[in-house]
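Subject: Structure handover

Hello,

Here is the structure I said I would pass on. Please look it over before reading my notes below.

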Amino acid sequence: MIQLALLITKRHRLLSVAAILDVFESVNRFYQAQGKSSFFDIKLFSLPAESSGQTFGKYELLPIEVLEKQDLILIPAFAADVTEIAVGENIRFVPWLQQQYQIGAEIASFCTGAFLLAATGLLNGKSATTHVNATSAFANSFPAVRLYGDAIVTDEDGIYTSGGATSSFHLMLHLLKIYCGREVVLHIAKLFAIDMDREQQAYFGTFQPPQNHGDNLVTMAQKKIENAYQESSTIEAMIQDIPASRRNVVRRFKLATGVTPIEYLQKTRIEAAKKLLELTDQSVLEVMLNSGYNDLKAFRQLFKKSAGMTPKSYREKFNVGRMEGIGYAAK
């Protein structure tokens with residue numbers, strides 16, 4: 001029986017924990033229905049002060065002082081916008097995770113759970129992914145990790161990570177393929193209606209630039225770009241009135257936002273184009289012009305590079321009008 005440990009971290013996302021338990025409990029029921037023993041021995045671990053006499057549903061919470069080797073350890077996602085705080089509050093998991101990995105355990109993180117996994121140093125020099133909207137913060141916090149922000153799942157040396165939200169199911173299918181085989185994977189994919197052909201998560205991303213960095217000069221530059229992105233003028237023209245040298249503006253802008261002014265302009269324009277494709281029936285040409293571009297070929301290339309699909313495909317997938325009635329039975 002595979003020893004499976006699920007961490008009940010502080011500030012965990014309940015949906016993430018529930019999904020993990022639902023899938024692996026379903027696997028055990030699949031084996032039991034065939035007259036076999038459960039495949040996974042599921043245990044829940046938390047910090048000592050959190051686990052004393054506590055339960056989580058039908059499970060007893062075990063303290064991480066339990067040194068029994070685990071085969072597979074799962075780190076759920078954290079609630080939105082608290083990753084740095086959450087890592088600090090869960091830092092006592094780090095030595096236990098390091099020790100478990102050293103004695104042969106494999107470790108998988110889901111979505112923003114990758115921040116805690118990266119804090120162990122076990123991801124240094126390895127590939128990883130996380131929620132697409134958390135990639136900038138992750139890259140800044142853990143530069144030694146080879147981050148693939150568009151990836152759905154990464155797998156290297158017994159360390160696994162997944163992208164955001166429903167990408168967690170793809171990581172679980174990947175783990176089930178390794179541990180259980182294809183029959184179980186297909187059963188779970190059908191049971192949970194999981195699309196197995198997703199290749200990336202770029203098209204789920206939203207450009208959310210930091211606004212609370214405290215640099216007033218950068219804030220001024222951001223506002224100028226956001227107010228003038230529809231114009232075909234250059235970035236130099238947009239920020240020419242900023243009371244600082246261009247070199248100083250670029251340096252401070254990159255430090256505060258994580259991107260250069262020209263990258264900020266491109267991302268702002270692409271985000272505007274995505275909104276137009278989602279909410280209007282404008283042609284791709286109209287969308288291009290209304291988001292500040294004037295070369296259709298270049299626009300399509302930039303859009304695909306950023307969103308992972310063409311403007312037409314993006315509209316077909318996300319346009320609100322086209323989504324009406326999809327998947328619903330007629331009354």
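Predicted model: local features only at pLDDT ≥ 70, side-chain atom pairs only at ≥ 80, totals over all residues.

Nonpolar cores. The largest one has 36 residues, and Phe24, Phe40, Leu74 and Leu176 touch the most other members. At least two residues each come from β1 (2–7), α1, β2 (40–46), β4 (59–63), β5 (72–75), α7 and α8. The biggest contribution is that of α1, with nine residues. Leaving aside neighbours within four places in sequence, phenylalanine 24 is in contact with Leu4, Phe40, Ile42, Leu74, Met172 and Leu176. Another core, of 30 residues, lies apart from this one; Val87, Ala114, Ala128 and Phe142 are among its members.

Helix α8. This helix spans residues 182–191, and its buried residues are Val184, Val185, Ile188 and Ala189. They lie on the same side of α8, because the arc they cover around the axis is only 130°. Their cover includes α1 (14–33) and α7. On the face turned away from the buried side, α8 carries the exposed residues Arg182, Glu183 and Lys190. Just after α8, alanine 193 has a positive phi of about 55°.

Isoleucine 178. This residue belongs to helix α7 (residues 167–179). Its relative accessible area is 43%, so isoleucine 178 counts as partly exposed. Not counting residues up to four places away in sequence, isoleucine 178 touches Asp155 and Tyr160. Phenylalanine 318 is 140 residues away from isoleucine 178 along the chain, and their C-alpha atoms are separated by 33 Å.

Regards

Note on methods: Residues numbered from 1 in each chain as written. Heavy atoms only, no water. Helix = DSSP H or I, 4+ residues; strand = E, 2+ residues; numbered from the N terminus. Buried < 20%, exposed > 50% of the residue type's maximum accessible area, 1.4 Å probe, protein only. Contact = heavy atoms within 4.5 Å. Arc of directions from axis to C-beta. Core = buried A, V, L, I, M, F, W, Y, C linked by side-chain atoms within 4.5 Å.
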